[in-house]
Amino acid sequence: MNCAADLPRANLVGYRSDHPKVFFHCHAFPPDYRRFAPDGVTGLMPGTVAHLSALARDLGFERVTAISPCEVPEGRATARIDEGKDGLKWLAEESVAHPEVLSFANLDPSRKDSAARLEKAYRDGFAGVKLHPVIGRFSIDVERDEDFYSLVNAFRLPLVVHLGVLPGRQPWPIRFHHPLLLDDLASRFPEMPLIMAHGGGRAFCRDVLAVMQSNPNTYLDLTHTLDKRYAWHLPADDLAAFFDQVGPSRIIYGTDYPWYGPADLSRDLSALRRLGIDKAGMDLIMGGTFAALSAESRRS
Ligand SMILES: [Zn+2]
């Protein structure tokens, strides 16, 4: 029988899983060193698809999810593309040479063209959708944007939504992106896989757990939850509650590349070992859970 002691220590190279291992929740964007200095500790993290793909492979992952750059004014996000440029088009072109990359369309549902862009992204082979209401300055509003969400649901595309407060003063009211808004979304579209990024962080993780307990189509994304340095760190008791209450078949490990390197993976693996997750659970969170959602999306 497998036990926590069998789990990998530094990286997933040589770790045999029952599912393809997925380097999840990664940002890709055109590099611009004026606004993003290379990381002195982990090396060069330019955010390009080529660099992301090579890093994932070196760490032992077989698949990568890449989120298209934010289409927002300068100063609002690092992972952005210049105004007027199409971030989805950029990612589609960059990914052509990387069949291991699963592209996520970073969209603003409140924009008039979002449903049309989503339809095109689906036809172009995008594997999911990402919403960042704080960076994009929009609200999660199921009624207003019903056409957009209906389409995500029809395509069975996994939908990742950023949840949790950013460090410092909030640039966008919390009521527009509170996790309980996702209860409306998940219950209105029970077939749509809804991935709750960062588990809402320490501040909202209990709300996220409540939404997950009442909606079987919701999933927890562990990005930046395992390390105290981040605003979205989840205390060990709360993390354990997710594993007890919903289980690893609804939990996905994520990275937030390019804010991520080999030392982060090693540290996260230690945190997961401390939670006592067995190998079957580890296989799920490192790719099995996401693979099940992806298979679902292909069936429609
Ligand atoms: Zn992110």
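1. In strand E5, Leu159 is the bridge partner of Val129. The model is predicted: local features require pLDDT of at least 70 and side-chain atom pairs count only at pLDDT 80 or more, while totals for chains, interfaces and linings use all residues. Residues are numbered from 1 along each chain as its sequence is written.

2. E5 (residues 159-162) pairs with E4 in the parallel sense over three bridges; two strands pair if DSSP finds at least two bridges between them. Strand E3 (residues 101-106) also pairs with E4 in the parallel sense, over three bridges. Ala105 stands opposite Val129 in E4.

3. From E3 the chain passes through helix H3 (residues 114-123) to E4, a right-handed β-α-β crossover (with the strands pointing away from the viewer, the path from the first strand over the helix to the second runs clockwise).

4. Strand E4 (residues 128-131) is covered on both faces: Gly128 and Lys130 are buried on one side, Val129 and Leu131 on the other. A residue is buried if 20 or more other C-beta atoms, placed from the backbone, lie within 10 Å of its own. Buried residues make up 48% of the 300 residues in the protein chain.

5. The protein chain has 10 helices and eight strands (DSSP runs, numbered from the N terminus: helices are H or I with at least four residues, strands E with at least two). Its C-alpha atoms fill a box of roughly 55 × 45 × 40 Å along the principal axes.

6. Of the contacts with a separation of 6 or more, 78% join residues 24 or more positions apart; a contact means C-beta atoms, placed from the backbone, within 7 Å.

Conventions: Buried ≥ 20, exposed ≤ 12 C-beta atoms within 10 Å, placed from the backbone. Contact = placed C-beta atoms within 7 Å.
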